[in-house]
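Have the viewer open alongside.

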Amino acid sequence: MTIALHGMGVSRGIAIGKVHIVKRDQLDIRKYSIKQHLIDDEIKRFENAVTNAQQQLRAIREHIPESTSADIEGFIDTHLLMLGDVALTEEPMRLIKELACNAEWALKLQRDALVVVFDEMDDAYLRTRKDDVDYVVNHIQRLLLNQTPLQHEKPDQKLSGYIVMANDLTPADTVLMQHHGIAAFATESGGPTSHTAILARSLGIPAIVGLQNALRYIKEDDELILDGVRGIILVDPDRHALSDYHRLQKEERRYYTKLGKLKNKPAVTIDGVLVDLQANIELPKDFETVVEVGAQGVGLYRTEFLYMNRESPPDEEEHYVAYTKVIEVLNGLPLTIRTLDLGADKQVDGGRQSGPVINNPALGLRAIRLCLKEPALFRPQLRAIIRASVHGPVRIMIPMLSNIHEMQQVLQMIEDIKKELDVLAIPYDHELQIGGMIEVPAAAVCADIFAQQLDFLSIGTNDLIQYTMAIDRVNDEVNYLYDPLNPAVLRLIHTTIKAGEKETIPVAMCGEMAGETKYTRLLLGLGLRVFSVHPATLLEVKQIVIDSNIGDLEALAKKALKAKSGIEVANIMRKGEV
Ligand code: PEP
Ligand code: MG
């Protein structure tokens, strides 16, 4: 009998094949005493296990394919760092000595102590760190207990074509499995932003997470269908399901092959309107993907990563070097550098800063507000961008503008820096363009004022929707109100696009809405001509652009703007009748 299990599809694609279950049994850690004269040997045994774990992780790290996203390396680096951290290495050794106990027990005690600290912190970022601690501890424990490696950890195992299921998978598991050529994976735990989900997407492997208790219904070698779009697993599928899914799989392959061919095609609609498709980038390593998908440039370069995991902010030179490298990779494609957008959902240290408790961080001192309050943080970045502009087409983009004074202050700072550079005869691009993000309803309503003084606008829908609907974008409980099609949101987008048209400056959209293909036709109809999206979705958006007729869509969008609800807007677009 076929059983259907539902989870969260986090990486699209269909896989059909047998299942391999990865089971990390609960380790049975017991305490035993060590005689005084053997304590040094026990410490040595612990040290050896740590060294072995480090060697194994380094070997995995070396096998990460060049093309893989920086995330994977980052995860494994975090584990390597932990393996070198005194909390996990020296403290257990001290406990072995003090309690005259075995290494496994000392490590368990230290793990329990660390987890209590993490649990008390009640913070999403730190919770993931807790999982990392558990992974590293488990790795050392298994070495101490001489446990045989799991199947996917053995280099000669044949897992090619298998769908891997586990309670949870670690980044190292994922890398090893990719080597074995697995078809897909699924986990009982995890959400859309879990390590597994992020890695699956960057490896292009279909995946589902959050399949609670699924392992109760699945046994080794069962036949499965995994649908990464719908988040469904069919266990022991019948003939009809198999033939349906084989057909869907073929269609999907044809679709992606066809998409790949669009790379060098211009994004022109049926009625000849050229659309500019740009990429959103977060890490320098991802810049190669911009060129790979044939993006026309970078419409949003989030620079917060430069400030992450460090004690003091980067200096001007560090900024300059980072931007210059990126400009080189882009080889003439325009680069839009968004100035620092820290605060609220973007904390550099997981929100552990000291100071007063902020009740509404999203409404607080973030992005341009923080930068203007702390010029020592902001000025080096601005100066570096301006200097880097001599190497290629660069644009400055200011996040979260809410009134004209903020914009004027930034423009003045830029003018002052240019004067300084002139005095020092330091070259820069005198045509350097400056734009602003429309993310606050106040700025959208007054987009005409900003359009008069800026060279371009870019609509940040992630924040614009948050502020328009008065919902915290990271609060699951009010997620249901996060509706890009809400008439208020649509009107603000439309107002902004019209303001740009009036002043003949480009208006882009760089929030997630721009990359969601279900909204592409509506946005084209509303007049959007510059989309900045995650490189992974760029070609899909291009396909829709190529299949669209702006004349028809403008009429539809006009009707959609009169709708009373998001549902009505969706219906209008789906029916496609004017
Ligand atoms: C946005 O708010 O839409 C945006 C692109 O900025 P971020 O998601 O980085 O806040
Ligand atoms: Mg934003």
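Start with the open sheet: 8 strands in the order 1-8-7-3-4-5-6-2, with mixed pairing. Strand 1 (3-6) and strand 2 (8-11) sit at the edges with a single partner strand each, so one side of each has no neighbour in the sheet. On average, neighbouring strands here are turned by 30° against each other, direction ignored.

A word on the ground rules: this is a predicted model, where local features need pLDDT of at least 70, side-chain atom pairs count only at pLDDT 80 or more, and totals for chains, interfaces and linings use all residues. Residues are numbered from 1 along each chain as its sequence is written, chains are lettered from A and ligands numbered from 1 in the order in which they are written, and side-chain values use heavy atoms, with hydrogens and water left out.

Then there's the closed barrel, 8 strands running 9-10-11-12-13-14-15-16 with parallel pairing. Its twist averages 25° from one strand to the next. Strands, like helices, are DSSP runs numbered from the N terminus (strands E, at least two residues; helices H or I, at least four), and two strands pair if DSSP finds at least two bridges between them.

| Strands | Sense | Bridges | Facing residues |
|---|---|---|---|
| Strand 12 (394-398) and strand 13 (433-438) | parallel | 4 bridges | I396 and I434 |

Helix 19 (residues 535-546) lies across strand 9 (276-281) and strand 16 (530-533), at about 165° to strand 9. Angles run from 0 to 180 degrees between N-to-C directions, with axes fitted to C-alpha atoms (for helices, over the stretch in contact).

Now the inside. The largest nonpolar core has 96 residues, and I493 and F531 have the most contacts inside it. Such a core is a set of buried Ala, Val, Leu, Ile, Met, Phe, Trp, Tyr and Cys residues joined through side-chain atoms within 4.5 Å, buried being under 20% relative accessible area with a 1.4 Å probe, protein chains only. Helix 12 (residues 375-388) gives the largest share of this core, 7 residues. Apart from it lies another core of 31 residues, including L83 and Y135.

Definitions and conventions
Buried < 20%, exposed > 50% of the residue type's maximum accessible area, 1.4 Å probe, protein only. Contact = heavy atoms within 4.5 Å.
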